[in-house]
Amino acid sequence: MRRITAAASVVTVLVPLLLAGASTASAAAKGSLTVKTLDRSGKPVYAQVAVYNTKTNDFRYIEGNKKTSLPNGGYELATSFVGGNGEDAVVGGHSVRVSGATTTTFDGRKGRAVKVSLSPDPGSGYDHTVSAAVCTTDNSPATMSISASAGDLYAIPNTSTAYELSYGTTYQPRSTSGGDFWLASATHSRGVPSGVSAKLTRSGLTTLKVSARSGPDSGQAWFSFNGEPASGYDCSSAMDILDFQRDLPDSFSVHVPAGRWDVGQQGHDFVYSGFHKYAAGKTASLSLGHAVWGPGGRLPYTWYHQLYFGDDNLFADPKFTAGGVLASGSVKLTHAGKTLYSHTFSPSKEIDAHPRIPGSGWYTLTETGHRGGLPSGSLSTSASLSLHFYADAGKNQQIRNYLTRFWPEALNSRNQAAAGSTTTVDLGMQRLGTDDGTIRQLSDGVKSVRAWYTTDNGAHWNATTAKLSGGKWTVAVHNPGSGGRVGLRSTVTDTHGDTSTTTVYNAYAVS
């Protein structure tokens, strides 16, 4: 099956946009622009055209083959469209000066084939797609991209060095389970060439070996891989995108250009990794959806007599710490028996509080949450975090304390332990800084750790001894012989008397 995807690149413009009808635009001499968009047979076809005024920074999309009123001036244009046969795809860009009634044309018949492949070829059993993007070298928003089946993509040549062409290729397995994914890209930096015939080698690729488990999320999930340009805006960013669906649990490998990549998974809930750097010729293992989704992020900090709650997340994946967007719950801050702040939150409302604190002393911050809208039997459905800490209101510094990140060992791909077995749970002592050099992070150490587990959703908690060996805290959990689910709790006391209690219900399953 042939598949064509067209997209306009998203670009942030740091100057005010003068939109149609704005006073500055209306004051300029009026003209008009008709952009003819013709397919490979010479017939007019629908297309969006990105139009950027290089003097006023006015940017808009207009429709091809229609007359549009515009102020006179110089414009950068870019477009992409699909031919009337529903197969051939065309991309192009050029500049035009509008003076009165002006007409310009993107003629698909002038397009030259863009042929891109990977060497060595991944072999049979893959859908081979080719992509191209025409961009301006001044980083204006006049950028368009399109993807098509191999052999169906064309770029209209342009010798102007104000434009460049990025191109790429993807190979996706036709099988819905198993098989590697491949993506490679390159850029022609001076103009749009008269045709591309490129074989991109595997040597510049990095391998991400993904193990996507089920439990915290389940069913069908979208996986996204987004590359970050090496420096600022880069036309290749329109190529370095890979998205596909898989049923959880699943394991696969993705081969993409070396560099910084953000990996995400979206099913009933959503997690993503943030950008991390991966080297050419190397393999990195990524575990998504591992038990336990629990409190993570950065600890609160004081700033000019205010307490900033930080970017805490009650349902952070152990590896992909941003996620758990379905959470609803409440947060409360108390001091000397008085409630200073109380708030309920939902998936559409983030916690972005920084209440004023009356002075230096001991405070308690309590947060509870629940993930709704999940299938029956889902894991990591409820969690809570309680921080009891000393805050110096007159100093800009992070509080002392630790967050426990639970990591049960030897679970299967559905985050299950065998009935009647004993599971070793690692207790990670998380204490991330703020990434703000003006916020001091105080030294701290762990004094004691206590832990419990429940097999009846919190009706009873069983104490288990926390052991320290080789710098790692662990506990042993005796799983029930009849199956079910296990909840986990830990209280950490630091060397200054601060305490934190972390609880996750339905942390992992027993089968």
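Strands here are DSSP runs of E with at least two residues, numbered from the N terminus (helices would be H or I, at least four residues).

**Ground rules**

I am working on a predicted model, where local features need pLDDT of at least 70 and side-chain atom pairs count only at pLDDT 80 or more, while totals for chains, interfaces and linings use all residues. Residues are numbered from 1 along each chain as its sequence is written, and side-chain values use heavy atoms, with hydrogens and water left out.

**Confidence**

I checked pLDDT next, the predictor's confidence in each residue on a scale from 0 to 100. The chain averages 91, and 93% of the residues score at least 70. Residues 1-6 fall below 50, though this stretch has 22 contacts in the model beyond near neighbours in sequence. Residues 8-27 are also below 50, with 25 such contacts. A contact is heavy atoms within 4.5 Å. Where pLDDT is low, the predicted coordinates should not be read in detail.

**β31 and its partners**

I went back to β31 to see what flanks it. Strands count as paired if DSSP finds at least two bridges between them. Strand β30 (residues 361-371) pairs with β31 in the antiparallel sense over 10 bridges, and His370 has Ser382 of β31 as its bridge partner. β31 also pairs with strand β42 (residues 499-510), again antiparallel, over 7 bridges. There I found Leu385 opposite Thr502 of β42.

**Cores**

I then looked for nonpolar cores, meaning sets of buried Ala, Val, Leu, Ile, Met, Phe, Trp, Tyr and Cys residues joined through side-chain atoms within 4.5 Å. The largest has 66 residues, and the members touching the most others are Phe223, Phe225, Phe389, Leu427, Leu488 and Tyr508. Strand β31 (residues 382-391) gives the most to this core, with 5 residues. I noted a second, separate core of 24 residues that includes Ala132, Ala148, Tyr171 and Val196. In soluble globular proteins, nonpolar side chains tend to be buried together.

**Around Phe225**

What does Phe225 touch, leaving out residues up to four places away in sequence? I listed Leu208, Val210, Asp240, Ile241, Leu242, Phe244, Phe252, Val254, Trp261, Asp262 and Val263. Phe225 is buried because its relative accessibility is 0%, and Phe244 is buried too, at 3%.

I counted 15 aromatic pairs in the structure. Rings of Phe, Tyr and Trp (its six-membered ring) pair if their centres lie within 6.5 Å; planes under 30 degrees apart are stacked, over 60 edge-to-face, and the rest tilted. Phe225 and Phe244 have ring centres 5.8 Å apart and planes at 15 degrees, so they are stacked. This pair links distant parts of the chain, 19 residues apart, with Phe225 in strand β17 (residues 220-228) and Phe244 in strand β18 (residues 241-247).

Between β17 and β18 I found 7 bridges, and Gln220 has Asp247 of β18 as its bridge partner.

**Charges over rings**

My criterion was NZ of Lys or CZ of Arg within 6 Å of the ring centre and within 35 degrees of the ring normal. Arg40 lies over the face of Tyr154, 3.8 Å from the ring centre. Lys319 lies over the face of Trp407 at 5.8 Å.

Which peptide bonds are cis? I noted Ser119 to Pro120, with omega near -5 degrees, and Ala291 to Val292, with omega about 15 degrees. Pro120 sits in the loop between β9 (112-119) and β10 (126-136), and Val292 in the loop between β22 (283-288) and β23 (294-296).

I also noted positive phi in non-glycine residues: Ala410, near 60 degrees, and Asp435, about 65 degrees. Ala410 is in the loop between β33 (403-408) and β34 (416-417) and is exposed, at 80% relative accessible area. Asp435 is in the loop between β35 (422-430) and β36 (440-441) and counts as exposed at 70%.

Note on methods:
Buried means under 20% relative accessible area, exposed over 50%, partly exposed in between (1.4 Å probe, protein chains only).
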